[in-house]
Structures are given as C-alpha cells and as structure tokens.
Amino acid sequence: MPKLTVIDPPPATAMERLVEDYLDYHRGMGHSIRTTRDAYGYPLRTLLLPFCAAEGVEQPSQLTDRHLNRLSGTLLETGHPFALRPKPLAKASVHAYMRAINSFLAWVRKEGEKVDAKAPLPKLSRPVIDVLTRAEIQAMEDAADNERDKLIVRLLADTGIRLSELLGLRSADILEGDGRHVFLKIRGKGDKERLVPLAPALARRLRRFADKTRKDANTNRIFIALRRQPNSCEYRPLTPSGLGQMIRILAETTKLDKRVHPHLFRHSFATHMLRKGMNPLILQQTLGHADLTMITRTYSHLNQDDAYEA
C-alpha cells in the first residue's frame, strides 16, 4: 500500500496565520533556522498562541495589555501555563519571550492590522561579568598538553570570536596578506562575514597546525578531534560540547576559582581591549555586533579607573 502523507492542518485563526506569516518573513530575510525556530517560533507557537486560544483571542485587535500582563505575571510566578510540570521562569527568560512577542506585534502593525497591546518587559538587573586575567589565560594555555588545545585557548583569548566561529574555521580563512597584517575571515551570525586581526606569530602557529592537521583529516575544518572514529578511522570536526569540556578541564587543572566557559574568553577579550583604550566602534566590528548596544550594556563593569587609564 502507498504511504499516506500526513499534512499539518492549516492555521485556523487569524492569529495563527499571522504567526506563520511572521516566521516566513524571518526565513525570507535569511535569518538562521535556529534563530527563527528558537527565538521567535518557540515563544509564539508554544506560548502566545495557546494562551490566546485559552483566552478566546482570535484576532490581533482582541489582544490587550491586560492579557499580556497576565501572561508575563504567570510565567514569573508559576511558569509556562501549558507545561506538564510548570515552574517559575527567570526574569531573563520572560524578558526574551515578551520581547519576541512585541517584535511580532510590531510586525503585525506594519502589516496594517489593528493591535494596540504591548507586552511588559521585566526589569533586569545588570549582572557583574567575571573575566579571565591575562595570567589566568596563560596558565590555561600552559596546562594544555597538545598544540590544538593551546591554540584554541589563545585564539579565543586574543580574538574574541564565538565558539561556533572558531569551530567553523578553515585553512582558507587565514588571510596573511603582506605578512605584517594577518586576519581571520569569520562567518558570524546570519552568515555575516568579518575580518578579525590576528597577531603574526599566532597566525604562523595556526598555519603550521592547520597544514599538519589537513594531512590526515577528511574535513577542511582546522580543529578536529584528537582521535579517529573507531568505525570509520576518520577524524571528525571538534564539537561544541567537546570544546566546552576541554575548557572546563583546563580550568580545573589550573584551579581557577570561577566558572570558565568558552564565551567567558569573549567577555575577557572585550574587557581587556576596552581597558587598553580600543575604540568601541572598532571593538564592535571585531566582535561582530550589529551596533554598540551590546558593548554599552554588557561592559558596564568597567569603572572610572579604567576610563582614566584608557
């Protein structure tokens, strides 16, 4: 017998249709599948739409501030109202969900729909960001027992690139130019490319390692697993979890009294560069931020002494 194809039923209400149109808009803009699915699809499909159905809201014009106030309060006090085992959510999580809902409602208004509601955003306290000192970074590099791990520590510390950006590096991404100015071609969020400066000595180390790695690997990635796969005898690209575990082990080996993870190197790099007087606009471009918002919001731990020294 031929297999029956199961087709999801079309959206039933105006709200459901608009949510799907909004997600199509993000796909059409070239936003990543992960961003569309997690940052927008999850809060709209699994939170806003079930809530609207329970409240009898079928049209955007029926949604009010009272509805969204109640939704935000419920998430903070008892958790996701439609979860099997709900528990109160952190302010940061609720803030992200409400921000996604507001983005959707703003798009709905641009599409000509009448909607006046706006979700409240829980006030977030600015966290104190821990950073790694240059001595701690050097200690972690010294503790690594192979050149791959040493290079990973040094690259994260001296370039500020993201974990995913480091894992995606290929030999062709080392742009040596005239030999005095070396850059890494980085593919960031949304497939946006940027050039990140690299010290010539570090570039030479990376090039030697990349050339040596490529002899035995069947992938063009620079950073691969240390051991072959037992079944295929191939070297696989290093995974995010593998890199994170390596960083944690190095931190434990050097007895650092702080929670060390790959993204901490990015914060440490930005803090170090600002304290040395780097222009925030240059830092923004180096880190791959769309604007200065993240710089001014995240690095508020820099004080007047830092400004004076800069």
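Tyr-25 is partly exposed, at a relative accessible area of 35%. The model is predicted. Trp-107, by contrast, is buried, with a relative accessible area of 11%. Two further tyrosines are also buried: Tyr-22 has a relative accessible area of 1%, and Tyr-40 has 19%, which falls under the 20% limit.

The rings of Tyr-25 and Trp-107 have centres 6.2 Å apart and planes at 35°, so the pair is tilted. Tyr-25 belongs to helix 1 and Trp-107 to helix 4, so this pair ties together parts 82 residues apart in sequence.

Across the whole structure, seven aromatic pairs are found. One of them joins Tyr-22 and Tyr-40: the ring centres lie 5.8 Å apart and the planes meet at 85°, so the pair is edge-to-face. This pair also links distant parts of the chain, with Tyr-22 in helix 1 and Tyr-40 in helix 2, 18 residues apart. Ring pairs connect Tyr-22, Tyr-25, Tyr-40, Phe-104 and Trp-107 into a cluster.

Helix 4 covers residues 91-110. At 1.5 Å a residue, its 20 residues should span 28 Å; the end C-alpha atoms are 28 Å apart, so the two values agree. Buried residues in helix 4 include Val-94, Tyr-97, Met-98, Phe-104 and Trp-107. Their cover includes helix 1 (14-28), helix 2 (33-55) and helix 3 (65-77).

His-95 also lies in helix 4. His-95 is buried, at 15% relative accessible area. Leaving aside residues up to four places away in sequence, His-95 touches Leu-121, Pro-122 and Leu-124. Just after helix 4, Gly-112 adopts a positive phi of about 95°.

Key
Residues are numbered from 1 along each chain as its sequence is written. This is a predicted model: local features need pLDDT of at least 70, side-chain atom pairs count only at pLDDT 80 or more; totals for chains, interfaces and linings use all residues. Side-chain values use heavy atoms; hydrogens and water are left out. Helices (H or I, at least four residues) and strands (E, at least two) are DSSP runs, numbered from the N terminus. The expected span of a helix is 1.5 Å times one less than its number of residues. Buried means under 20% relative accessible area, exposed over 50%, partly exposed in between (1.4 Å probe, protein chains only). Contact means heavy atoms within 4.5 Å. Rings of Phe, Tyr and Trp (its six-membered ring) pair if their centres lie within 6.5 Å; planes under 30 degrees apart count as stacked, over 60 as edge-to-face and the rest as tilted.
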